[in-house]
Amino acid sequence: MTKRILNAVLPGRDRLADIVLEDGKIAAITDAVVDRSGTLDHETIDAAGRVVLPGLVNAHAHIDKTLFGGPWVSAIQAESVAERIAHERRVRGEYGLPSQQYISNLVEAMIAAGTTHIRTHTDVDPGVGLHGILAVAEVAERYAHAVEIQQVAFPQGGLITNPGTLELLRDAVEAGAEVVGGLDPAGFDNAPNAHLEAIFDLAASTGTKIDIHLHDGGSLGAWEMGLIADMTKGFGLEGQVAISHAFGIVHPPTQSGLLERFAEVGVSLVNAAVYDSPVPPLQACAAAGVLVAGGTDGINDLWGPFGDGDMLRRAMLLAYRNEGRADAELERALDTVTVNAARVLGIEGYGLQPGHAADLCIVDARSAAEAVAKVPDRWMVLKSGRVVAAAGKLAGEFPMR
Ligand SMILES: [Zn+2]
């Protein structure tokens, strides 16, 4: 079926454009026609000068942990990652986590906010087993017409220090997880080489990608990042590895050397601009050729109360924390939740080009930069050419409503 979106503002294009959609893909993009008397029909959408972005991509979430739309539960005011992990282990069962209902609530909010792709780190450990992986997979299947969800098998409770977890990660990959996760190989697991060797070996032998949580900062974090770059090359996984958070990246004495190594072996960075934690320098990373993608991290869970799943707000935070002022800097931040994130996730046929998927997010803004600065309402969201949300509300059939 053919659909047309008229009078669209597209990033990087001076004149208004018309977009033709066919069979779930973008068939053509042309200059908008000035006189179009008699052309409007029910398969024609007049964007009326609004900016059309590709579907937003969340490169780092934890939807299995969320309480979104459920009871309000206080997070703890913990001093360390280890304390938060221990607290979560203790009480998650009490609150019925992971909950398919809460996961669905959050996924629906993300879809309404224009997200068409999500990478989510799902806890895998001997306590929860594959319960989270299976819960997320079931929700993902139900919402597959509106959003694509990629799971990271995530050893949140440690790998080397938590016997049985490595075997479960392998089972999670067999159950469909496309990415192998890791967590502070030195700072939390206290065995950097063994931790990294285990996950690199698993990824290399199963053809999966890697995405490692690295909260370790300063020189320890920088050292671990160097080790990750070495192993990426050693295991032949160039372009398949991401480091999430990467708080050590701003350590000044090593920053430039690290970025060059990341560019060389195709290690990407993922950051959620969480609280006052360090964010990667977007300009320096782009200049070095290192991809930076944006994520939300956890939303309304036992780790913290904040979040709404809106990726434009996340781009705004990344721009703000980078002191982005000029349009070019706001657009650079937008890349972290669009094209860069799509490349980190390995999404084929993504972006505003003929032949690519008609995954579109139409925003009440006159330019991409304004969309980042003001985080306006999403006017309409399309997945594979189908309208899945309009005016911030889901459109059409959704399973949990
Ligand atoms: Zn995380």
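**View 1. The largest cavity and the residues that line it.** In this predicted model, the largest cavity is lined by D64, K65, E88, R92, L97, P98, D123 and V128. Its volume is about 80 Å³, and the structure holds one cavity of 30 Å³ or more. Sorted by class, the lining of the largest cavity has five charged and three nonpolar residues, with no polar ones.

**View 2. The cis peptide bond between L97 and P98.** L97 and P98, both of which belong to the lining of the largest cavity, are joined by a cis peptide bond with an omega of about -5°. P98 is found in the loop between α1 and α2, the latter helix covering residues 100-112.

**View 3. The contact of α2 with α3.** Helix α2 packs against helix α3, which covers residues 131-142, at an angle of about 45° and with the axes 10 Å apart; the two helices are therefore oblique to each other. The crossing in which α2 passes α3 is right-handed. On the α2 side the contact is made by Q100, I103, S104 and V107, and on the α3 side by A135, V136, E138, V139 and R142. Five of the residues in this contact of α2 with α3 are nonpolar, two are polar and two are charged.

**View 4. The contact of α4 with α5.** Helix α4 (residues 165-174) and helix α5 (residues 192-206) pack with their axes 11 Å apart and at an angle of about 25°. Angles under 35 degrees count as roughly parallel, and α4 and α5 are therefore described as roughly parallel to each other. Their crossing is right-handed. From α4, the residues L166, L169, R170 and V173 make the contact, and they meet A198, I199, L202, S205 and T206 of α5. By class, the contact of α4 with α5 has six nonpolar residues, together with two polar and one charged.

**View 5. The contact of α9 with α10.** The axes of α9 and of helix α10, which covers residues 327-336, come within 8 Å and cross at roughly 130°, an angle that makes α9 oblique to α10. In this crossing, which is right-handed, α9 passes α10. The residues that make the contact are L312, A315, L318 and A319 of α9 and L330, A333, L334 and T336 of α10. Seven nonpolar residues and one polar residue take part in the contact of α9 with α10, and no charged residue does.

**View 6. The largest pocket and its lining.** The volume of the largest pocket is about 820 Å³. Its lining comprises 34 residues, of which R84, V274, Y275, W303 and G304 are the closest to the centre of the pocket. The elements that give two or more residues to this lining are α1 (81-91) and α9 (311-321), and the largest share, three residues, comes from α9. By class, the lining of the largest pocket has 13 nonpolar, 13 polar and eight charged residues.

**View 7. The backbone at N7.** N7 is found in strand β1, which covers residues 2-8. Although N7 is not a glycine, this residue has a positive phi of about 55°.

Key. Residues are numbered from 1 along each chain as its sequence is written. This is a predicted model: local features need pLDDT of at least 70, side-chain atom pairs count only at pLDDT 80 or more; totals for chains, interfaces and linings use all residues. Side-chain values use heavy atoms; hydrogens and water are left out. Axes are lines fitted to C-alpha atoms, for helices over the stretch in contact, and angles run from 0 to 180 degrees between N-to-C directions. Helices (H or I, at least four residues) and strands (E, at least two) are DSSP runs, numbered from the N terminus. Angles under 35 degrees count as roughly parallel, over 145 as roughly antiparallel, 65 to 115 as roughly perpendicular and the rest as oblique. A crossing is left-handed if the near helix is turned anticlockwise from the far one by less than a right angle, and right-handed if clockwise. Contact means heavy atoms within 4.5 Å. Ala, Val, Leu, Ile, Met, Phe, Trp, Tyr, Cys and Pro count as nonpolar, Asp, Glu, Lys and Arg as charged, and the others, Gly among them, as polar. On a 1 Å grid over the protein atoms alone, a cavity is a set of points where a 1.4 Å probe fits but cannot get out, and a pocket is an open set with protein on both sides within 12 Å along at least five of seven lines; lining residues have an atom within 4 Å of a point. Grid points are joined across faces, edges and corners, and a volume is the space filled by probe spheres set on the points.
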